[in-house]
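Here are my notes on the model we talked about, written as numbered points. Keep the structure open beside you and look up each element as it comes along.

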Amino acid sequence: MTGEPVTLRVNGAERPVAAVAPWTTLLTVLRDEFGLTGAKRGCNQGVCGACTVTIDGEPVRSCLSLALNCADRDIVTVEGLVPAGAPAGALAPVQQALAEGNAVQCGFCTPGILISAHALLRRNAPLTVDEVRAGLSGNLCRCSGYKKIVEAVVSASEARP
Amino acid sequence: MEFVRPDSIEATVAALQADGAACLAGGATLVAMMNADLVAPHRLVSLRDVAALREAARQPDGTVVVGAMRRHRETAEETDLRDGQLVLSEAAAQIANPPVRNMGTIGGSCAFADPAADYPPALLAADARFSLIGAEGRRTVPAGDFFLDWYETALEPGELIESVVLPPAPARTVGSYTKLARVAGDFAIASVALVLGMDGRACIHLAVAVGACGPAPVRRRDVEADLIGGGLGDTEIRRLTDALAEAFDPVDDVRASADYRRRVAPRMVRQALVEAQQRISETP
Amino acid sequence: MKIADSFVVAAPVERTWRAIRDPQVVGACLPGCEEIEAVSPTLYRARIGVKLGPIAAEFAAEVEVVEEEPPVRVVTVTRGEEGGRASNLRSDNILTLAPADDGGTRVSYEADMTVTGRLAKFGFGVMKKKAQSLASEFAGNLEARVNEAASGG
């Protein structure tokens, strides 16, 4: 790969890449260089939301973020929702809620949904159905399984201490 | 393709003075077009580290300067915007969806000038001006002279948007932005931005801009001027919507036919004006 | 995608026909046409640059005259590609000339265009507007050219 070196901070770890071309997106580096295949390449146009990650705490499209523009940022992917050092198989509360609510069908949109939902849940109050729908409006589910996804996120918001 | 990340406006302008140089703002449009193989700039000039472009500030007279790198989410939540200026925050809140609003910027969106985008009509209704900067220095272009044609603006090669400047809105004006779209967050089938001020039954401030009905947002200042001082009932609204409709040049696309846009936009204007008057009359 | 329109030039049908069938005149009037050469009396090659906002494309095009009825009607097919075959264009065009009231000529055109490949991702709504504006620019240029030739004798 031609380009320049960059170090990205992903899920708390500094990860160097030897050469990144200017047009290479964060999504490509996450998947192809780091093997973090949670974020999916759906439309590659910023529409579907399957590639959603957080940068400095805010959900964004990794397919519309150029890797070289992400240096010195805090990037969290779905793989980073569970704190480092947690036992194998441990799930973050939002993951637990989707699993228990049968809110996963084919699973392709799930990583993006989890990231968006996780960001929503940082607000310390129970969420209404409308708030969750608005918060997840940038994540398409091709199986159209929205009802259970929204219910699961609402229940996760109510379950918090 | 090369990638540069200057940290000042001066260095940015210098970096833009090369053939095929393009500003990378939030990336929401440019990177999508690069991914689709539609554009391939020779030099990407990232605006990420130019702190001055990220700020918004309210001046003592009520003028609000919004830096080109302000994200849609920030503009949607901007507390410096008041009265009629709120047309801009209402528009920002209806762009796309939360992740895209965390990325996309007002400068990036306006430079791309999608005819169905939300900022162009809002800025035109707010009588906003663009502050542009290039090798020759700064210049100011009113929103009405900035959006020129399909995806074309007054930006010259080597120039960038530094900020968008909203003049103070007259006290007690209201601003509103309504958009008709297939689903929340899609580009508009048609949209209406308005700033309205009433003194009792008399209209004292009127600005209505329609989006997604032509290459640039459509506004009829001539008719607006005629309506100032009088009432704003069915007849007057009809005069304005007829004049606006004359200036429409909408496209047929996947969102709606040109004919549908011609029919629906005047009704949206009417509804928005009726609702805005109601809001004003209910405000103590 | 179909576009159709007509315009009047202040020159008789015969002279307008000669202008329209002269590749150098057509090339000079066509916005973005960088070069045009006649391969044969019925086949032309041209390079045409088109810009839509940030998107720039340069088409290598061939125009073939498939049917003509001098001096009133010509049917052509334009085929083009750009960006190393990243997109393809085909346009079936019919041009008709008829005497106008004032001794001038009404030129009517119809074009049925298809674009495939990368440019098609941009959507046809605005592309059609762009095609219409290029066509009307062409009409204006041709009109000026024919009128100029007429006044210059």
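**Notes on the three chains**

1. Just after α1(A), A:Gly35 has a positive phi of about 70 degrees.

2. Some ground rules before we go on. This is a predicted model, in which local features need pLDDT of at least 70 and side-chain atom pairs count only at pLDDT 80 or more, while totals for chains, interfaces and linings use all residues; side-chain values use heavy atoms, without hydrogens and water. Residues are numbered from 1 along each chain as its sequence is written, and chains are lettered from A, with ligands numbered from 1, in the order in which they are written. Helices (H or I, at least four residues) and strands (E, at least two) are DSSP runs, numbered from the N terminus.

3. Chain A is divided into domain 1 (4-80) and domain 2 (93-159), with bounds from an automatic or database domain assignment. Their contact takes 19 residues from domain 1 of chain A and twelve residues from domain 2 of chain A, where contact means heavy atoms within 4.5 Å. The centres of the two domains, taken over C-alpha atoms, are 22 Å apart.

4. How do the chains meet? Two pairs of chains touch, and the pair with the most contacts is A and B. Chains A and C share no contact, and their closest C-alpha atoms lie 11 Å apart.

5. Chain B holds eleven helices and 14 strands. Its radius of gyration is 19 Å, which agrees with the value near 19 Å for a compact globule of 284 residues; the radius is taken over C-alpha atoms, and the globule rule is 2.2 Å times the number of residues to the power 0.38. Buried residues account for 58% of the 284.

6. Now pick out helix α10 (residues 234-247) of chain B. Its 14 residues reach 20 Å from first C-alpha to last, close to the 20 Å expected at 1.5 Å a residue; that expected span is 1.5 Å times one less than the number of residues. Which residues of α10(B) are buried? They are B:Ile237, B:Leu240, B:Thr241, B:Ala243 and B:Leu244. Seen down the axis of α10(B), the buried residues fall within an arc of 160 degrees, so they line one face of the helix; the arc is that of the directions from the helix axis to the C-beta atoms. On the other side, B:Asp234, B:Thr235 and B:Glu246 are exposed. The cover over the buried residues includes β13 (202-211), β14 (218-219), α9 (221-227) and α11 (258-282) of chain B.

7. B:Glu162 deserves a look too: this residue is in strand β10 (residues 160-166) of chain B. B:Glu162 counts as buried because its relative accessibility is 11%. Among the residues that B:Glu162 touches are B:Ile9, B:Leu53, B:Ser131 and B:Arg138, leaving aside residues up to four places away in sequence.

8. Finally, chain C has three helices and seven strands, in the order β-α-α-β-β-β-β-β-β-α from the N terminus on. Of its 153 residues, 42% count as buried.

How values were computed:
Buried means under 20% relative accessible area, exposed over 50%, partly exposed in between (1.4 Å probe, protein chains only).
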